[in-house]
Amino acid sequence: MITIGARVAFTGAVIRRTMHDPITVGMRGVVLAVDNRVARVDCGQSFPDHPTGIRWIPVANLTTLPELS
């Protein structure tokens with residue numbers, strides 16, 4: 001389950017579908033909101049062509065990352 005504040009990345013299935021696109025592979029973000037099956041994710045500089053770095057992404061396309069120590 002994806003929760004607010006979770007660190008996320010795209011799932012392996014998404015990475016395979018995009019043929020290992022470097023931007024997709026490198027996307028990391030923090031969940032700002034969850035609305036049913038989509039999450040608002042602050043991707044920061046992971047999406048260089050996106051003006052704000054904040055995107056709505058289907059929850060099914062995200063996986064959580066371990067906490068940093």
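1. Charges first. The protein carries 7 positive and 5 negative side chains. The centres of these two sets are 7 Å apart. Please keep in mind that this is a predicted model.

2. On to the fold. Two helices and five strands make up the secondary structure of the protein. Their order along the sequence is β-α-α-β-β-β-β, so you can follow the pattern on the model as you read.

3. How does the radius of gyration of the protein fit that of a compact globule? For 69 residues, such a globule would come out near 11 Å, and the protein has 11 Å, so the two agree. If you want the outline, the C-alpha atoms fill a box of roughly 30 × 30 × 25 Å along the principal axes.

4. Next, burial and surface. Of the 69 residues in the protein, 30% are buried. The accessible surface is about 4,700 Å², and carbon and sulfur atoms account for 56% of that surface.

5. A word on contacts. Taking the contacts with a separation of 6 or more, 42% are between residues 24 or more positions apart.

6. Finally, a look at one residue, L68. Where in the chain is L68 placed? L68 sits in the segment after β5, the strand at 62-64. Is L68 buried or exposed? The relative accessible area of L68 is 65%, which is over 50%, so L68 counts as exposed. L68 and M1 are 67 residues apart along the chain, and their C-alpha atoms are separated by 19 Å.

Technical notes:
Residues are numbered from 1 along each chain as its sequence is written. This is a predicted model: local features need pLDDT of at least 70, side-chain atom pairs count only at pLDDT 80 or more; totals for chains, interfaces and linings use all residues. Side-chain values use heavy atoms; hydrogens and water are left out. Helices (H or I, at least four residues) and strands (E, at least two) are DSSP runs, numbered from the N terminus. The radius of gyration is taken over C-alpha atoms; the globule rule is 2.2 Å times the number of residues to the power 0.38. Buried means under 20% relative accessible area, exposed over 50%, partly exposed in between (1.4 Å probe, protein chains only). Contact means heavy atoms within 4.5 Å. Accessible areas come from the Shrake-Rupley method with a 1.4 Å probe; for residues, only the protein chains shown count as cover. Lys and Arg count as positive and Asp and Glu as negative; His and the chain ends are not counted. The place of a charge is taken as NZ of Lys, CZ of Arg, CG of Asp or CD of Glu.
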